Amino acid sequence: MWVDNEKKELVFQGWKAGEELENEVRSTGPLPDYEAVVRIPARMVHILREACDAIEHPDVVR
């Protein structure tokens with residue numbers, strides 16, 4: 001996971017979802033061609049929290 005401070009976005013890298021999971025996501029609504037379903041393991045939750053903190057509070061040195 002990365003923080004793009006210029007665009008104020010979180011950037012994720014993860015495993016591609018399989019066809020079954022993508023179909024499940026599509027059952028709740030369309031998945032545009034420019035979007036993807038990415039799987040993030042639970043063991044990375046602390047990294048996600050750190051990234052959220054970094055984008056919400058860019059003035060705090062990490």
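Modeller: Helices and strands are runs assigned by DSSP and numbered from the N terminus, a helix being H or I over at least four residues and a strand being E over at least two. With that in hand, I would pick helix 2, which is where Cys52 is found. Please keep in mind that this is a predicted model, in which local features need pLDDT of at least 70 and side-chain atom pairs count only at pLDDT 80 or more, while totals for chains, interfaces and linings use all residues. Residues are numbered from 1 along each chain as its sequence is written, and side-chain values use heavy atoms, with hydrogens and water left out.

Let us begin with the length of the helix. Helix 2 runs over residues 45-56, and its 12 residues should span 16 Å at 1.5 Å a residue, which agrees with the 16 Å between its end C-alpha atoms; the expected span is 1.5 Å times one less than the number of residues.

Next comes the question of which side faces inward. A residue is called buried when its relative accessible area is under 20%, exposed when it is over 50%, and partly exposed in between, using a 1.4 Å probe and protein chains only. In helix 2 the buried residues are Ala51, Ala54 and Ile55. Because they cover an arc of only 95° around the axis, they lie on the same side of helix 2, where the arc is that of the directions from the helix axis to the C-beta atoms. On the face turned away from this buried side, helix 2 carries the exposed residues Arg49 and Glu56.

Leu10 and Ile55 are 45 residues apart in sequence, yet their C-alpha atoms are 7.6 Å apart in space. Cys52 stands 42 residues from Leu10 in sequence and 7.7 Å from it in space, again from C-alpha to C-alpha. Leu10 is partly exposed, with a relative accessible area of 26%, and Cys52 is also partly exposed, at 29%.

Asp4 lies in strand 1, which spans residues 2-4, and Asp4 counts as partly exposed at 24% relative accessibility. Not counting residues up to four places away in sequence, Asp4 touches Glu9 and Val11. In the loop between strand 1 and strand 2 lies Lys8, whose phi is near 55°, a positive value in a residue other than glycine. Most residues other than glycine have a negative phi.

How values were computed. Contact = heavy atoms within 4.5 Å.
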